[in-house]
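Please keep the sequence and the structure at hand while reading.

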Amino acid sequence: MHMEISRSSSYSPVFHFRVSSPSISVYVLLLLGFSAVLFLFSQRQISEVDDKVLFSETRPAILEEQLWDSSSAHGFHPCVKPTRKYEATHTWDRYITVKSNGGLNQMRTGICDMVAVARIMNATLVIPQLDRRSFWQDSSTFADIFDEPYFIQSLQGDVRIVRQLPKELESAPRARKHFTSWASASYYEDLSQRIWKDYQVIHVPKSDSRLANNDLPIDIQKLRCRALYKALQFSSPIEELGKKLVERLRSHGRYIALHLRYEKDMLSFTGCTYGLNEAETEELRIMRENTNHWKMKKINSTEQRNEGFCPLTPKEVGIFLQSLGYPSSTWIYMASGEIFGGQTYLEDLRFRFPNLVFKDTIATSEELNIFASHATQSAALDYMISVESDVFVPSYSGNMARAVEGQRRFLGHRTTISPDRKGLVVLFDKIDNGELQEGPKLTELITQMHKFRRGAPRKRYGSLPGMKGRNRLRTEESFYENPFPECICGNKNSVNNI
């Protein structure tokens, strides 16, 4: 082969080749050989970085959509209108007063149960008083948290609701009645026939879990949904700021709401001390000993964790979300109270997901001032942001987690990923023992483990096998966690596929 170099009018050299024909086959073979080596080398490089592919910002678009997709809701929609047999309420001259107990969501569901109870007992409901003696020590009134006029007006065709007792009944004798937990409609119908003969006012000191999850008349179940999802709206200050915060989060794209129940009261109540030092463990034990209404005092932390009864730690949540494929650029809103141990225990999660934000990160101090010292109102903001999130992830199945999941199902089965804590603990322990590493294998295991834990349509779970008597009611899935099928309807094909 001979090569000549000549100049064109430009500065770039032009090469003219004269190639002898016998040389062509040699060069073709060399080119093919070089290409083969290059291909094998590139495959090796791909294999070496495979551990990081799922965590990179260049994941395939199909995987990106799978992370956020809620298309499983197709064919289902809310259905809360009463049946044709449902009659308008009457003006009953007998009253139920209520003291709602617990935190925000325990009170919310309890209030809606009392709406249904008042309907069954043919009574007028007085606006409930809220719990001011719980762990939160919040002095908020009903009107501080909820839109009271709207609540009364929205349910006027179902139950008569008044702000207070008539003056002539303020000093009247009241029947103080602790309603049975998870009671049937017949329980209240029988009680109604007896108690109204002697009293005009009943006082109920506890409102949570007063109605059964299942086997209630369809119109009572639909009323519970209308009360919770339609009538019981938050007050204007909460609604307005909640919507602003959702808009600010959405300005960065899609976001995850993480309900990280790694707070002092939860860890103390559950006896979960994994990863804590001796001083922190003792602090939680003392709190549990000094809280009179917590019945369990001596708890084996290891057994609790192995059975999946402990909230995931912040580090475990980080591993979990990263293994599912969420990129480090994902915005995560922390729908939580004060994290036990402070920033120390958040370091690993924040390292994996730097865009980890709290209320005080996305709201100004002036905006949050009106909610200072009112934990229940602050929790309402967390609730709103969680319901509107693209993905909701609770680290523990408490009252808020159940309520948010239920409303997200009601609104179209929005993606809610419920961690299999018992299964995850096995994997996390293997990582700690050096038997498993973060990477493709862990990703495959965690993804498969949660394939059917993303909030897709399904029927409500019944009681656990072997449970008898009233104990079985305690193990049923809450109606408010999954109001299907009473309040969520679908076409014939979608329902048959469940």
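A cavity is a set of grid points where a 1.4 Å probe fits but cannot get out, and its lining residues are those with an atom within 4 Å of such a point. The structure discussed here is a predicted model, and every value below is computed from it.

A search of the whole structure finds one cavity of 30 Å³ or more. The space in the largest cavity amounts to about 110 Å³, and its lining is made up of 16 residues, with Tyr-274, Arg-305, Cys-310, Pro-311 and Thr-313 lying nearest the centre. By residue class, this lining holds 10 nonpolar, three polar and three charged residues.

The second largest pocket, for its part, contains about 430 Å³ of space. Its lining comprises 22 residues, and those nearest its centre are Tyr-86, Arg-119, Ile-120, Asn-122 and Ile-220. Here the division is 11 nonpolar, five polar and six charged residues. Which helices each supply at least two residues of this lining? They are helix H3 (104-120), helix H6 (185-195) and helix H7 (218-231).

**Helix packing**

Two packed helices are described by the angle between their axes and the distance between the axes. The table gives these values for three pairs.

| Helix pair | Angle between axes | Distance between axes |
|---|---|---|
| H3 and H7 | about 135° | 9 Å |
| H8 and H16 | roughly 45° | within 9 Å |
| H16 and H17 | about 40° | 10 Å |

H3 and H7, both of which contribute to the lining of the second largest pocket, pack at an angle of about 135° and are therefore oblique to each other; their crossing is right-handed. Helix H8 (residues 236-250) crosses helix H16 (residues 375-387) at roughly 45°, and that angle makes H8 oblique to H16. The crossing in which H8 passes H16 is right-handed. H16 also packs with helix H17 (residues 399-410) at about 40°, so H16 and H17 are oblique to each other, and H16 passes H17 in a right-handed crossing.

**Two open sheets**

Strands of a sheet pair through backbone hydrogen bonds, either parallel or antiparallel.

Another open sheet has four strands in the order S11-S10-S9-S12, and its pairing is parallel. Which strands stand at the edges of this sheet? They are strand S11 (356-357) and strand S12 (391-394), each with a single partner strand, so one side of each is left without a neighbour. S12 is joined by four bridges to strand S9 (residues 255-259), and the two run parallel. Within this pairing, Pro-394 in S12 is the bridge partner of His-259.

**Backbone exceptions**

Most residues other than glycine have a negative phi, and most peptide bonds are trans. Asn-122, although it is not a glycine, has a positive phi of about 55°. This residue sits in the loop between H3 and strand S5 (124-126), and Asn-122 is also among the residues that lie nearest the centre of the second largest pocket.

What kind of peptide bond joins Phe-484 and Pro-485? The bond is cis, with an omega of about 15°, and Pro-485 is found in the loop between helix H20 (471-474) and strand S13 (488-490).

Terms used
Residues are numbered from 1 along each chain as its sequence is written. This is a predicted model: local features need pLDDT of at least 70, side-chain atom pairs count only at pLDDT 80 or more; totals for chains, interfaces and linings use all residues. Side-chain values use heavy atoms; hydrogens and water are left out. On a 1 Å grid over the protein atoms alone, a cavity is a set of points where a 1.4 Å probe fits but cannot get out, and a pocket is an open set with protein on both sides within 12 Å along at least five of seven lines; lining residues have an atom within 4 Å of a point. Grid points are joined across faces, edges and corners, and a volume is the space filled by probe spheres set on the points. Ala, Val, Leu, Ile, Met, Phe, Trp, Tyr, Cys and Pro count as nonpolar, Asp, Glu, Lys and Arg as charged, and the others, Gly among them, as polar. Axes are lines fitted to C-alpha atoms, for helices over the stretch in contact, and angles run from 0 to 180 degrees between N-to-C directions. Angles under 35 degrees count as roughly parallel, over 145 as roughly antiparallel, 65 to 115 as roughly perpendicular and the rest as oblique. A crossing is left-handed if the near helix is turned anticlockwise from the far one by less than a right angle, and right-handed if clockwise. Two strands pair if DSSP finds at least two bridges between them.
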